[in-house]
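User: I would like to go through this model with you, beginning with a loop residue and then moving to the helices. Please start with the term you will need.

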Amino acid sequence: MRTRDWDEQEDESPTGGTREKERALKETRSVYRQADAAYAPFSCPASGECCQLARTGRQPWLWQPEWELLVKGRPLPPPREDGGCPYLDAAGRRCTVYADRPFGCRTFFCERIRGPARQPAETVGALLERLERVSQRVAPALKAPRPLLEWHAEAWAAAPPEES
Ligand code: SF4
């Protein structure tokens, strides 16, 4: 299944322009909605265990527009001492950016998930391709997604908040 890259007609802004970046964020949200729809038949205990990234050794990999959505309009949280995702709440149980959480967080499939026997792999693959195309439009130099903690560490080093 291939899906349209853009919800609206193209404009003529140069690659990486502000308007195109806004379109990329809108498109990324559209991809997220479709991922959520694909996973609607599934449920999980929402324990937050999969967000303990150092403990699991796994983390979401983000294309540039995904990272932009995470940092847009909110302060950058400090790294967690337990190696968990910086976007966990203080108790380490709940995501504080749930509406904007990355694609990988929406499609993470662990043994505790409940629902149909097969996950929607074809849909996930098609949506991932679409995310890549969206990212390539605004950040063509980025050839692959990057781990969330890598994005975060780079941003934290570049602009540490005053309270750090
Ligand atoms: S962004 Fe949210 S859902 Fe994803 S790993 Fe971090 S806390 Fe968990």
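Predicted model: local features only at pLDDT ≥ 70, side-chain atom pairs only at ≥ 80, totals over all residues.

User: Is Ala-46 buried or exposed, then?

Analyst: Ala-46 has 11 other C-beta atoms within 10 Å, so Ala-46 is exposed. Ala-46 is placed in the loop between H1 and H2. Its phi is positive, about 55°, although Ala-46 is not a glycine.

User: What about Phe-42, where is that?

Analyst: Phe-42 is also found in the loop between H1 and helix H2 (53-56). Phe-42 has 14 other C-beta atoms within 10 Å and is therefore partly exposed.

User: Which residues does Phe-42 touch, leaving out those up to four places away in sequence?

Analyst: Phe-42 touches Ile-113, Arg-114 and Gly-115. Phe-42 and Gly-115 are 73 residues apart in sequence, yet their C-alpha atoms are 4.4 Å apart in space.

User: How much of the contact pattern joins residues at least 24 apart?

Analyst: Among contacts between residues at least 6 apart in sequence, 80% join residues at least 24 apart.

User: Let us step back. How many helices and strands are there?

Analyst: The protein has six helices and two strands. Along the sequence they follow the pattern α-α-β-α-α-α-β-α. The protein has 164 residues, of which 28% count as buried.

User: Which residues touch the most other members of the largest nonpolar core?

Analyst: Those are Val-31, Ala-35, Cys-51, Leu-62, Cys-85, Phe-103 and Leu-131, in a core of 23 residues. Two or more core residues come from each of helix H1 (18-38), helix H3 (64-71), helix H5 (121-138) and helix H6 (148-158).

User: And what does Val-31 touch?

Analyst: Not counting residues up to four places away in sequence, Val-31 touches Phe-103, Leu-127, Arg-130 and Leu-131.

User: How do H1 and H5 cross?

Analyst: Two packed helices are described by the angle and the distance between their axes. The axes of H1 and H5 cross at roughly 170° and come within 10 Å. That angle makes H1 roughly antiparallel to H5.

User: Which residues make that contact?

Analyst: H1 contributes Glu-20, Lys-21, Ala-24, Glu-27, Thr-28, Val-31, Gln-34, Ala-35 and Ala-38. H5 contributes Thr-123, Val-124, Leu-127, Arg-130, Leu-131, Val-134, Arg-137 and Val-138. By class, the contact of H1 with H5 has nine nonpolar, three polar and five charged residues.

User: At what angle do H1 and H3 pack?

Analyst: H1 and H3 pack at about 95°, with their axes 9 Å apart. An angle of 65 to 115 degrees counts as roughly perpendicular, and H1 and H3 are therefore roughly perpendicular to each other. Ala-24, Leu-25 and Thr-28 of H1 meet Pro-65, Glu-66, Glu-68 and Leu-69 of H3. That contact of H1 with H3 has four nonpolar, one polar and two charged residues.

User: How many of the residues of H3 are buried?

Analyst: Seven of the eight residues of H3 are buried, and H3 is mostly covered. The buried residues are Gln-64, Pro-65, Glu-66, Trp-67, Glu-68, Leu-69 and Leu-70.

User: What covers them?

Analyst: The cover includes H1, strand S1 (61-62), helix H4 (103-106), H5 and H6.

User: Why does Leu-70 count as buried?

Analyst: Leu-70 counts as buried because it has 20 C-beta neighbours inside 10 Å. Leaving aside neighbours within four places in sequence, Leu-70 is in contact with Val-97 and Asp-100. Leu-70 and Tyr-87 are 17 residues apart in sequence and 9.1 Å apart in space, C-alpha to C-alpha.

User: What follows H3?

Analyst: H3 is followed by Gly-73, whose phi is positive, near 75°.

User: Finally, which residues surround the ligand?

Analyst: The ligand is surrounded by Cys-51, Pro-60, Cys-85, Tyr-87, Leu-88, Cys-95, Val-97, Arg-101, Pro-102 and Cys-105. By class, this shell has nine nonpolar residues, no polar residues and one charged residue.

Terms used. Residues numbered from 1 in each chain as written. Core = buried A, V, L, I, M, F, W, Y, C linked by C-beta atoms within 7 Å. Buried ≥ 20, exposed ≤ 12 C-beta atoms within 10 Å, placed from the backbone. Helix = DSSP H or I, 4+ residues; strand = E, 2+ residues; numbered from the N terminus. Contact = placed C-beta atoms within 7 Å. Axes fitted to C-alpha atoms, helices over the stretch in contact; angles between N-to-C directions. Parallel < 35°, antiparallel > 145°, perpendicular 65-115°, else oblique. Nonpolar A, V, L, I, M, F, W, Y, C, P; charged D, E, K, R; others polar. Near = placed C-beta within 6 Å.
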